[in-house]
Amino acid sequence: MSARYTLPQHPAFSDPLSKEDLYTLVSRGSLARGEMCMDEDTGHMHTVGELVSGMRRPSASSGQARIARPMYREISPDTELPEEPEAEAEEEVEEEADETVPEEDKDDDFDYSPSGEIILHHAHPSWLGYTKALILCLLLTVAGGLLCVIQLEYGIIALLCASSTLIAVGIARYSHDYIVTRERVELIWGIIGRSSKEARICDIRSIDVYEAGLKGLLGLGTIDFSTAANAGIEVQFKDMRSAHVVKDLVRKLQRGVDPTDD
């Protein structure tokens, strides 16, 4: 396929790229699926994820080999470059390209956000974060069981209240999403209308983790992400498990370490 896409936000890739080139850069982790690129024929902007979605790994002789091979080779004026060694060198480059690309794109194991970014961590508040509501549900269940023996109607009412409380807790839990990608941390909440708050990884100034009281004993913690642009808390992940693991994940991303390589 002819090269006809450019990346305005990436000066390092100044030459036009084909879809195979974009797929290769995404599989290496050098380019995010949410990055914008321009079609030189139509002038329209697309996300990289839209263009490479559903593509299979290109052969070594296409985009991967073209990107891996140097654009030029310096040759000393007083030496001649034999033809056969050059051909052998090209074959070695193609073989190495085949070895570096897995049979299946490793990014296929991950979920993607609506913007096309790989979701490295997706969680909800823990059930144990709603301790009071769960205790109330337990008490109503026990009371309903006892009332069924004495007065069936009251027992049914108590059990319905217990079920309603449990359903309300489930809705409250699944209406909050904690998402970490290579680019940002994001809190999404809401049932009918979905709201969100996010902070870019590169802008995060401090990460505070709090584990205290009964919830701390249960392994629950709260993470506060603060940025340099805001004196307060920008994004908060509340009542989640493995809070320190998420903190370490964000710190790795700030150092430029790709967790998908582990």
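How many salt bridges does the count come to by the rule used here? The count comes to five salt bridges, where a salt bridge is a side-chain nitrogen of Lys or Arg within 4 Å of a carboxyl oxygen of Asp or Glu.

1. Basis of the note. This is a predicted model, in which local features need pLDDT of at least 70 and side-chain atom pairs count only at pLDDT 80 or more, while totals for chains, interfaces and linings use all residues. Residues are numbered from 1 along each chain as its sequence is written, and side-chain values use heavy atoms, with hydrogens and water left out.

2. Asp177 and Arg194. One of the salt bridges joins Asp177 to Arg194, and the closest N and O atoms of this pair are 2.4 Å apart. Asp177 lies in strand β6 (residues 176-181) and Arg194 in the loop between β7 and β8 (195-200), so the pair ties together parts that are 17 residues apart in sequence. Helices (H or I, at least four residues) and strands (E, at least two) are DSSP runs, numbered from the N terminus. Asp177 is buried, with a relative accessible area of 8%, whereas Arg194 is partly exposed at 43%; buried means under 20% relative accessible area, exposed over 50%, and partly exposed in between, with a 1.4 Å probe and protein chains only.

3. Glu198 and Arg184. A salt bridge is also formed by Glu198 and Arg184, whose closest N and O atoms are 3.0 Å apart. This pair links distant parts of the chain, since Glu198 is in strand β8 and Arg184 in strand β7, 14 residues apart. The C-alpha atoms of Arg184 and Glu198 are separated by 6.6 Å. Arg184, in the strand that covers residues 184-189, counts as buried at 18% relative accessibility, while Glu198 counts as partly exposed at 38%.

4. The surroundings of Arg184. Which residues are linked with Arg184 in a network of salt bridges? The network consists of Glu117, Arg184 and Glu198. When neighbours within four places in sequence are left aside, Arg184 is in contact (heavy atoms within 4.5 Å) with Glu117, Ile179, Glu198, Ala199, Arg200 and Ile201.

5. Asp203 and Arg200. The side chains of Arg200 and Asp203 also meet in a salt bridge, with a distance of 2.9 Å from N to O. Both residues count as partly exposed, Asp203 at 32% relative accessibility and Arg200 at 44%.

6. A buried charge without a partner. Glu234, which lies in the loop between β10 (220-227) and β11 (235-241), deserves a separate look. Glu234 is buried yet has no salt bridge, and the nearest side chain of opposite charge, Lys197, is 5.7 Å away; in this scheme Lys and Arg count as positive and Asp and Glu as negative, while His and the chain ends are not counted. Apart from neighbours within four places in sequence, the residues in contact with Glu234 are Lys197, Glu198, Ala199, Phe225, Ser226 and Thr227.

7. Most residues other than glycine have a negative phi. Asp239, although it is not a glycine, has a positive phi of about 55°. Asp239 lies in strand β11 and counts as buried at 11% relative accessibility. Ser242, likewise a residue other than glycine, has a positive phi near 55°; Ser242 is placed in the loop between β11 and α8 (243-254) and counts as partly exposed at 40% relative accessibility.

8. Strands of a sheet pair through backbone hydrogen bonds, either parallel or antiparallel. Here three strands form an open sheet in the order β1-β2-β3, and the pairing is antiparallel. Because β1 (5-6) and β3 (45-47) stand at the edges, each with a single partner strand, one side of each is left without a neighbour in the sheet. Two bridges join β1 to β2 (residues 36-39), and two strands count as paired if DSSP finds at least two bridges between them. Within this pairing, Tyr5 has Asp39 in β2 as its bridge partner.

9. A nonpolar patch. Ile167, Ile171, Ile191 and Ile192 form a nonpolar patch on the surface, with about 480 Å² of accessible area together. Patches are made of residues with over 30% relative accessible area and no salt bridge, with like charges joined within 9 Å and nonpolar side chains (Val, Leu, Ile, Met, Phe, Trp, Tyr) within 5 Å; accessible areas come from the Shrake-Rupley method with a 1.4 Å probe, and for residues only the protein chains shown count as cover. Among these residues, Ile171 is placed in helix α6 (residues 152-174) and is partly exposed, with a relative accessible area of 42%.
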